[in-house]
Amino acid sequence: MQHQLKSYILAYYIAVFSLFASPALAATRPITFPVDGPASFRNDFSEPRGGGTREHLGIDIMADKMIPAVSAVDGVVSYIVSPQASWGYSITIRDDEGYQYRYLHLNNDTPGTDDGAGGEANAYAPGITRGARVTAGQLIGWVGDSGNAEAVGSHLHFEIRQPDRTPINPYDSLTLAASQSPRSASIKTGVIVPVPEHPPETEQGVAAGAAYIFARDLSEGDTGEAVRQLQMKLKTFGHFTSYITDYFGPITRTAVIRYQNANGLPATGMVGTATRDLLNKDVARALETSAPPVKDLFEGDKGEAVRQLQTQLKALGYYSGTVTDVFDSAVREAVRRFQVTLRLNPTGYVDAGTRKKLGEEFLRLPVIAVPNPPSGYVFTESLALGARGEAVRQLQMKLRTLGYFSADTTGYFGPITRTAVINFQKAMGLEQVGIVGPKTKMALNA
């Protein structure tokens, strides 16, 4: 009785808090705790990962390898990784309201080992395939350390996404579910637990699994978001050249045929199983390979990256000159002053360590939302990896409309947004630096 009373009280306070919390950061969903065994977690949603290059969009639930992972809701398995991807074995479940529940890093080892040779039989429970119907509490797989979690400890990365795929903070939902679990005594919440810091080399792999997945067949006459996403992907791959709509008409059918001909598929003009599978693989491949590395900057360098550097240094108070695209002696001295202040080696050039610290300090500045004028949003500020706020959200929306961005509109400029900017710059004949500088702003506004 006392345990039940505590659960009701906790639910009440979470509900009250949710009324005042931002929907993008906190919203409580009625779920079953997704780990059926001893576990611990804390609120690490939105923390920086990968040296500040990406944002953590879930909660890491620490649990031993091979502890059962269970379905949080009644729903359908809308996505399952096969074969193992760079982010490991993963399952996405969609409930009847369209919310998605994502499980990453499921087990890839032979039980009792860390050999990475366990295969799908030790990752997913029998019968768990795309399209399978599951119920809350049903076994779907086992906790592990697959993919880019191999060196950071066994855990389940758990996400909740709204029907529009916007991430919400699962912490309150997990806390309530933990309090109502028969295993509540063995689930530790709000305590300091080791934070799995995934290797910083890429976010694209996880993002590929989180990106829009073509889960149903499409043909002429269909309408809706799936058609719009199809057109955007085909435009990215160079087969669709018209305006993005949500209607599958003759133009879209012709673009599908071009894609099928280019890839040796039967030219039916319909998006069936084989075409869907290849589209999904091509999307994942594009996310993982299209972004070039960020280069170090030295005196004498020119371009948009230098302009963005000057913009950051000026905002932080280290550079007082006119913002240009030339790395001159004044910029070198500004970089040195920044490095001395942050106790870095005062080399006067921008290496990975200086770039990381610049990003961290820049993120600490207050975000100023640019108003949306009646005639449409006008891009007035430079944007680069690590930026966040309304201007980034508008950038993602604009790139989505143009067919270059298909992930979640988060307001955070991560590697996926950088890749979209690079693809836009390539199409516009601009320098492909992944930074929104004056020329890119002009093209976006045009």
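1. Arg 343 is exposed, at a relative accessible area of 80% (exposed means over 50%, buried under 20%, and partly exposed in between, with a 1.4 Å probe and protein chains only). Arg 343 sits in the loop between helix H8 (329-341) and helix H9 (352-363); helices (H or I, at least four residues) and strands (E, at least two) are DSSP runs, numbered from the N terminus. Its phi is positive, about 60°, although Arg 343 is not a glycine.

2. The model is predicted: local features need pLDDT of at least 70 and side-chain atom pairs count only at pLDDT 80 or more, while totals for chains, interfaces and linings use all residues. Residues are numbered from 1 along each chain as its sequence is written, and side-chain values use heavy atoms, with hydrogens and water left out.

3. His 105 also has a positive phi without being a glycine, here about 70°. His 105 belongs to strand E8 and counts as buried, with 1% relative accessibility. Another backbone point is the cis peptide bond from Ser 82 to Pro 83, with omega near 0°. Pro 83 is in the loop between E6 and E7.

4. The protein chain has 12 helices and 13 strands. Of its 446 residues, 49% count as buried. Among contacts (heavy atoms within 4.5 Å) between residues at least 6 apart in sequence, 58% join residues at least 24 apart.

5. The largest nonpolar core has 46 residues, and Phe 33, Ile 61 and Phe 158 touch the most other members. Such a core is a set of buried Ala, Val, Leu, Ile, Met, Phe, Trp, Tyr and Cys residues joined through side-chain atoms within 4.5 Å. Elements giving two or more residues to this core include strand E4 (59-62), strand E7 (89-95), strand E11 (155-161) and helix H2 (171-180). A second, separate core of 16 residues includes Phe 379, Ala 420, Val 421 and Val 436.

6. What does Ile 61 contact beyond its neighbours within four places in sequence? The partners are Phe 33, Pro 34, Val 35, Ala 39, Ser 40, Phe 41, His 155, Leu 156, Phe 158 and Leu 174. Leu 174 is one of the buried residues of H2. Nine of the 10 residues of H2 are buried, so this helix is largely enclosed by the rest of the structure.

7. Pro 68, in strand E5 (residues 68-70), is partly exposed at 26% relative accessible area. Not counting residues up to four places away in sequence, Pro 68 touches Pro 34, Val 35, Asp 36, Leu 139, Gly 141 and Trp 142.

8. Helix H4 (residues 225-236) and helix H5 (residues 250-262) pack at about 50°, with axes 10 Å apart. Axes are lines fitted to C-alpha atoms, for helices over the stretch in contact, and angles run from 0 to 180 degrees between N-to-C directions. H4 is therefore oblique to H5 (under 35 degrees is roughly parallel, over 145 roughly antiparallel, 65 to 115 roughly perpendicular, and the rest oblique).

9. In the H4 and H5 pair, Leu 230, Gln 231 and Leu 234 of H4 meet Thr 252, Ala 255, Val 256 and Tyr 259 of H5. Thr 252 is buried, at 2% relative accessibility. Leaving aside neighbours within four places in sequence, Thr 252 contacts Leu 230, Gln 231, Phe 240 and Tyr 247.
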